[in-house]
Amino acid sequence: MNKKAVILLSGGLDSATTLAIAKKEGYEPYALSFRYGQRHAAELEAARRVAQNLGVKEHKIADIDLRLFGGSALTDDIKVPKGRSLEAIGHGIPITYVPARNTIFLSFALAWAEVLGAYDIFIGVNALDYSGYPDCRPEFIRAFEAMANLATAYGLKEGKHITIHTPLITLTKAQIIKKGFALGVDYSLTLSCYDPLPQGKPCGMCDSCLLRTKGFTENGMIDPARNNA
């Protein structure tokens, strides 16, 4: 019988690849997405498409409202940066960082994992993100994993250990895309954009779109999501 795993699924390129990796490694995936007050619902539609296409045991969408606190271009009345250089994107913490988002998401995943009896949680953080996002760094993941094993009843069972899997954390976008294609990920179903156009099409100019385009270009490909836009 396959081991159960909770997969954080945003509907973007990274989380779709992470889901495909978990399945390849023999896990029975339970996908978890969030309606957290983000600027658009299009990414949740993408998450549903990816979950259906790759096949998950169950897909839940949790409702939380981080607009209560704001502080990010994704949850507040702050413009999403557009047209920045790749050098600028790689420096500092961008305004698209949502305060403590991955801590909150992982906590929800941990709660569901405990109910399921799943000792494995997958999250698609990667090297291009953790340079700017503090909750995408390896140090954070290690600290959360240690906390998870102390903070849950099932984490204290003898001989058991909760593991937070980050299969993309040392990969570039180009490497992630190459791995995803090898696993059969249909990237036309995904959406990584911070500020989509009407009908959920990617804007092509936000930081996420620019990094994604760079990854496909380095693989000699056109982003199928943009190609269908």
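Q: What makes the crossing of helix 1 and helix 7 left-handed?
A: In this predicted model, where local features need pLDDT of at least 70, side-chain atom pairs count only at pLDDT 80 or more, and totals for chains, interfaces and linings use all residues, the crossing of helix 1 and helix 7 is left-handed, a word used if the near helix is turned anticlockwise from the far one by less than a right angle. Residues are numbered from 1 along each chain as its sequence is written, and side-chain values use heavy atoms, leaving out hydrogens and water.

Q: Why is helix 1 called oblique to helix 7?
A: Helix 1 (residues 13-24) and helix 7 pack at about 45°, with axes 10 Å apart. That angle makes helix 1 oblique to helix 7, because angles under 35 degrees count as roughly parallel, over 145 as roughly antiparallel, 65 to 115 as roughly perpendicular and the rest as oblique.

Q: Why is Leu183 called partly exposed?
A: Leu183, in the loop between helix 7 (173-182) and helix 8, has a relative accessible area of 28%; buried means under 20% and exposed over 50%, with partly exposed in between (1.4 Å probe, protein chains only), so Leu183 is partly exposed.

Q: How do you know that the span of helix 8 agrees with its twelve residues?
A: The expected span is 1.5 Å times one less than the number of residues, so helix 8 (residues 207-218) should span 16 Å, and its end C-alpha atoms, 17 Å apart, agree with that. Among the buried residues of helix 8 are Cys209, Leu210 and Phe216.

Key. Helix = DSSP H or I, 4+ residues; strand = E, 2+ residues; numbered from the N terminus. Axes fitted to C-alpha atoms, helices over the stretch in contact; angles between N-to-C directions.
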